[in-house]
Amino acid sequence: MHKTEHFFYVQENEVKFSSNLPMEQVEKIYAQYEEGVENYTSEDFYVHVIHSPTGKLFYARPIQQYNDTDILNPLSMKLLNSLSDGITISNKDGKIIFQNDLDIEIVGINCINRYAKDLVAEGEMSDSLTLKVLETKEDVTIFQTFLNNKCFLVTGKPIFDEVGELQYVLIITRDMSRLKNLEEEVKKLEIQNERFKQRIEELNNQEQKKMNIVAASPAMQKVLKRILRVAEVDSTVLIEGESGVGKEEVAKLIYLNSRRNTKQMLTINCSAIPESLLESELFGYVEGAFTGAKKGGKAGIFETANGGTIFLDEIGEMPLQLQAKLLRVLQESEVQRIGSTKPIPIDVRIIAATNRNLAEMVQQRSFREDLYYRLNIIPIEIPPLRERREDIVPLVYHFLRIFEQRYHIHRTLDKEALKVLEEYDWPGNVRQLKNIIERVSLLANQPKITASMIREELKGATKKKSNNIVGQPLSKSIESSNMDISQYTGSLKEQVAAFEKEVIKKALSQHKSIRQAAEALGCNQSTLVRKIQRYQLTKSVVYE
Ligand SMILES: Nc1ncnc2c1ncn2[C@@H]1O[C@H](COP(=O)(O)OP(=O)(O)OP(=O)(O)O)[C@@H](O)[C@H]1O
């Protein structure tokens with residue numbers, strides 16, 4: 001029995017026994033008993049009745065009268081102030097008897113000793129959870145935004161005494177922004193995690209991307225290291241080297257390993273496009289900018305590549321007037337379409353390449369000095385193949401594998417053949433080596449390629465060297481060849497046709513099949529067949 005509990009025993013309406021309550025008090029309690037009830041309150045007592053066959057036993061426990069100050073002793077206040085939630089406690093009349101420091105900070109008002117209903121009536125609070133809990137006598141939870149615009153989870157809890165009377169209302173205000181911050185932290189970590197995963201994938205891919213470029217020699221290893229380092233930064237790169245050394249391949253590698261690899265890399269060959277067209281290709285134009293300008297205008301390559309990369313091949317061939325315009329784009333990161341004064345902001349990375357000596361061109365004033373320095377922020381010089389002979393054999397095997405997959409032919413080279421290739425000077429660099437390997441692979445009528453087959457091919461190349469078309473793929477050699485055109489007469493159409501006939505004849509004589517010749521000329525087989533018929537190139541002529 002609880003030490004403050006009293007009891008008395010009643011038999012036939014007569015109090016037979018009482019513990020230590022004065023009789024007067026016992027009678028008062030008993031007077032309020034209603035026949036049959038088991039629990040009731042009387043005066044300041046909570047009464048529990050046990051009915052037995054012979055009588056009734058009454059337990060009377062004094063209802064504790066809490067004093068507000070009883071619960072708010074210094075220690076409990078200290079404890080409540082140390083919590084990281086806002087706490088207020090109101091008594092059953094709705095008077096706020098305690099508010100911890102954090103709650104005062106959150107709500108912005110010190111409510112101690114004030115009544116919740118007054119705070120609402122006086123407009124200091126739009127609503128009061130204390131009043132709601134007093135009314136419903138139930139737990140209530142709401143989300144509430146306070147002065148600092150932070151979102152809080154506010155929970156009101158009724159606190160009952162032993163007899164179920166609501167005694168206090170406890171309000172707990174929890175800062176949801178802390179939870180939100182945590183949520184955001186978790187999200188950030190997840191994003192970071194995702195980035196790490198991507199980076200690992202990228203690094204794995206990088207290994208594969210590197211595989212496309214052969215760099216066995218110390219000189220190319222150095223270049224490769226530089227490529228991978230510059231790929232990470234966003235600056236302009238100038239790739240220099242003789243024709244066919246692999247400048248475009250290097251540009252692709254930089255792009256593939258850069259952060260911009262999710263956007264495209266657009267390539268423009270400055271030597272292959274006439275000056276007038278190059279300007280509009282690069283910068284675009286507005287409607288009516290010139291005769292023949294498309295309706296609605298056209299975006300230039302800078303606009304189209306926005307966010308990505310532009311590879312300006314053969315930059316040394318860019319006319320001076322366009323060099324000035326390109327310089328402005330690089331300096332101001334904005335472009336103006338032809339016929340417009342409106343600047344369009346652009347964000348592109350420029351990779352430029354040249355086989356010309358730009359520094360010399362600057363001295364000869366055929367290349368702008370300011371543009372040269374602007375492009376030359378990170379120069380990459382690719383040495384000619386003859387200066388990195390360690391790359392020759394790995395390149396041979398690399399190309400053999402490519403052609404094996406492309407043509408389904410398996411070829412190997414004997415030792416002597418490899419030696420010949422290693423000792424050759426390769427004026428046409430890697431492109432020339434690639435073409436020789438393609439040719440011998442296709443022309444060989446046995447799996448093993450011998451030194452004499454290579455020598456034969458290289459003899460042809462040396463002969464062609466005087467025509468400045470060493471080892472170029474056929475389509476490229478025609479572009480750059482110094483073919484004697486004085487032999488052609490007649491109208492432009494007739495001269496072009498005569499030239500075309502010669503080009504096709506030559507291609508057919510150099511390739512085993514029409515398909516291969518078409519491939520080398522960069523046209524499709526049916527076009528070539530039509531032209532063979534038009535120019536009446538018979539088989540015997542073709543293969544003589
Ligand atoms: N290191 C290399 N590894 C594998 N292939 C290479 C390498 N270097 C060049 N190649 C191949 O050689 C050919 C010529 O390379 P590329 O077109 O990049 O040369 P380039 O220097 O840009 O030539 P140009 O100055 O004529 O434009 C391409 O088919 C390319 O794939």
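Select helix H15 (residues 392-407) and helix H16 (residues 415-423) in this predicted model: the two pack at an angle of about 120 degrees, with their axes 9 Å apart. Helices here are DSSP runs of H or I with at least four residues, and strands are runs of E with at least two, numbered from the N terminus. Axes are lines fitted to C-alpha atoms, for helices over the stretch in contact, and angles run from 0 to 180 degrees between N-to-C directions. H15 is therefore oblique to H16; under 35 degrees counts as roughly parallel, over 145 as roughly antiparallel, 65 to 115 as roughly perpendicular and the rest as oblique.

Next, display the side chains of Ile392, Val393 and Val396 in H15, which meet Leu418, Leu421 and Glu422 in H16. Residues are in contact if their C-beta atoms, placed from the backbone, lie within 7 Å.

Now select the ligand. Of the 18 residues around the ligand, Val214, Gly246, Lys247, Glu248 and Val430 come nearest; a residue is near if its C-beta atom, placed from the backbone, lies within 6 Å. Helix H9 (247-256), H15 and helix H17 (429-443) each give two or more residues to this shell.

Finally, colour the protein chain by pLDDT, the predictor's confidence in each residue, from 0 to 100. The chain averages 83, and 87% of the residues score at least 70. Where pLDDT is low, the predicted coordinates should not be read in detail.

Residues are numbered from 1 along each chain as its sequence is written. In this predicted model, local features need pLDDT of at least 70 and side-chain atom pairs count only at pLDDT 80 or more, while totals for chains, interfaces and linings use all residues.

Note on methods. Two residues are in contact if their C-beta atoms, placed from the backbone, lie within 7 Å.
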